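Me: Please take a close look at one strand and its partners in this model. Keep it brisk.

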Amino acid sequence: MNTFEDVLFLGLPEERRYLRYITDTVLATVLSLLITGIIYLGKLYPTIPNISFLYLLVVLALSVTRGLYASLVTSLIAFLSFDFTLVQPLFTFTIAKTEEWLALIIFMITAIVTGRLASGLRQRAMQASAREREARALYELVNATTSEDRLGQQLDIVAKAIVENFASFGVCDCAILLPGTTGRLALEADASQDVSQLQISLDEMRTAESVMSQGRIIDLYAGDEAGTGVAYYRFRRIVDVSRQNSQRYMRFVPLQQGHEVIGVVRLVMSEKGRRFPTERNANMKQEQLGHNDTFFWTFLDQTSGMIEHARLQREMLQIELLKRTDSLRSALLSSVSHDLRTPLASIKASASSLLQEDVEWDDETKRSFAITIERESDRLNRLVGNLLDMSRIEGGALKPEKEWYPIDEVIHDVVDRMRGILQGREIQTHLSDDLPPVEIDYLQMDQVITNLLENAARYTPIGSPIEVSAEVIDGEVKISIADRGPGIPADDLERIFDKFYRVSGTPRKGNQSSTMGTGLGLAVCRGLVEAHGGHIWAANRPDGGAIFQFTLPVSPFHIQQGRQATPLS
Amino acid sequence: MSKSGARILVVDDEIEITRALQRSLTAYGYDVFTASNGEEALESVAQHRPDLILLDLGLPVLSGLEVCKRVREQSSTPIIVLSVKDTERDKVQALDLGADDYVSKPFGINEVLARVRVALRHTAQVQSGTVPIFVAGPLQVDFAQRNVQVDGKDIKLTPTEYDLLKALIKNRGKIMTRQMLLTQVWGTGYGTEAHYLHVYIGQLRRKIEPDPSHPRFILTVSGVGYRFSDE
């Protein structure tokens, strides 16, 4: 709606009304007198009887650019000056002829009509550009927020946009509060400063919480005493200098999604923003809201939408995670069940065969059954060990109890113990002389080397050699276990260290049973080695076979000392 | 080889294990008693005075460790501990409380039998008095003269190495935890410097073992300590 003043003064900023009266009056007077002067000096009247239409031009021009007031004043001054200087009797204010009066009246009417038209047009033009600006602002908001992944960033953009777009309504700053996982509100975004550095006072928090529960706009004023006023400014790091003297207050606006309040927007308003934004509720019809209010609420709706979207995404991810964990768990269970039951099956088969009453087994066969039972029991035992280790590694309960040991001792120990499995093979050990003692959990390192040797034995042809070496490289002890088997497919070099991963399609030679082990062995190795601060990796040897290597950190002192005696001897 | 008549007490709350052990040990000529909890075990020790105790740590009510401690307070009967617990700390704890040896479950019967044999043999030797000259294969140690020979050749050991060897031989057949060795050889102040021990063991092995990388005498007990074997 155009107010009368909008018509009087087009495009008028609010404070300058008095100034405008003056400038327009001056302008109107000057221009009118100018025209009068031209006519008088050029002696154009009554040579050209319609010359007074020149004034019409000025009236039109001023009505379109300056508003109705200017054009009315021009009409009046034009009429009076024309009458005074050009109409008989000269230099008097008499209006003898009717056509003079007519001219005046027509001027006036022209002025009024064009004034209103011009102002109306201008108003519409301004509205159109305002709408365009708003649409653009909303578009940019949507664009900017959809290109950001994280809700925090999105809210920052929104907060800044609110301040930018609504500054003319008195919004100085904007912050957004959202309920956290506990339901309590927390500051999520702010337009002018980093969230982490902004604090919110208890009063503000309580107000925000009321808004959350009631869904209404609530204002919070800083105290009247200078003291509280200062405190209020203290936790704002940026203060709008130009408005330092105006009284500010905070307005808490609810963010709504349907009927539910999902957050609170805290606006810092300057004095004049008193009525913005107006309350809205479900009963209000669209038309009752002022246009700017609608724009504001659209902004907020966009924000609510974003928050809701983020929340839904989070939930979706959770569900996805649960599903994956579930399927992983059932894969795990079925794999473990298979691998536990396989050796048990052999044991049961052998034992129950021995118990057959109607068969007389010869000693050789009986012994063979017994050997199977013993061997499969060992295998089951190792598997259980790996499972326990794995669950400890996963549960973070793995704490190596470290002591200093010479690493060759562990290696020899394991090699000796695995004599049975490594039967028929040549085991070459290359342990360099300057190996320093390393700080390790003996049993865990034992497990690592056991698993690696077992792997080497399982996946290589019987009788093929296995080399175990240990040396010092770059301040670390590096242990390698190399075989002459078929090697590992390049794609699998990393994946074999995953839980339950088994290289598919490895040719199985000789009498090795199929798919031995759960695929946990290497995963356990990695967990244990890394718990010691080392690294483990696999590679293929240039002349055939695979090599597994892992490092253990050594303290520099021991590198120099090697095996040299300590001060006690 | 049987030690007829030697009395062995088997303590385990698992019937199957007790039964299996009893059967095998009896077949080898031992006299076997059983107990299924700590109270029964202590009663049996008082009543039957066994020559050796096979003790499970995972007993209900009165723990195996507690039984071990109490038995050790009264006598030096060799105790071999059987247990599922696989962390270093539990084994060390049992050994520090007086157990002589440790067998992990699941075990093979032959392993148990071997340990029983060794323990009984050493008890007999201790009872018959400390031998001034110790011989085992190529190794000969004369405690009176502080002289060590391998294959007839004199071996020079540093004082620490000698003390270490002596401690090992004196407790042969038994597991010596790192703590025990450190205390016996270096005194009580050096409990935490375990790496000294490993260094010296290494040096000792290089001097007296026929094949230092496959030790015959000084055996490592995984993660717990060492044992001197004269088999």
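Reply: Two strands count as paired if DSSP finds at least two bridges between them. This is a predicted model, and the part to look at is strand S7 of chain B, residues 139-142.

Start with its two faces. Leu139(B) and Val141(B) make up the covered face of S7(B). Gln140(B) and Asp142(B) make up the uncovered one.

Now the partner before it. Strand S6 of chain B spans residues 133-136. S6(B) and S7(B) are antiparallel and share four bridges. One pairing reaches the covered face: Val141(B) is the bridge partner of Phe134(B). The hairpin of S6(B) and S7(B) has two residues between the strands. In that hairpin, Gly137(B) has a positive phi near 60 degrees.

Next, the partner after it. S7(B) is also joined by four bridges to strand S8 of chain B, residues 147-150. These two strands run antiparallel as well. Here a residue of the uncovered face takes part: Asp142(B) stands opposite Asn147(B) in S8(B). The hairpin of S7(B) and S8(B) has four residues between the strands. Arg146(B) takes a positive phi in this hairpin, near 55 degrees.

Chain B has 17 residues in contact with 20 residues of chain A. On the chain A side, helix H10 (363-394), strand S6 (403-406), helix H11 (407-417) and helix H12 (442-458) each supply at least two of the touching residues. That side of chain A divides into eight nonpolar, five polar and seven charged residues.

Note on methods: Residues numbered from 1 in each chain as written. Chains lettered and ligands numbered in written order. Predicted model: local features only at pLDDT ≥ 70, side-chain atom pairs only at ≥ 80, totals over all residues. Buried ≥ 20, exposed ≤ 12 C-beta atoms within 10 Å, placed from the backbone. Contact = placed C-beta atoms within 7 Å. Nonpolar A, V, L, I, M, F, W, Y, C, P; charged D, E, K, R; others polar.
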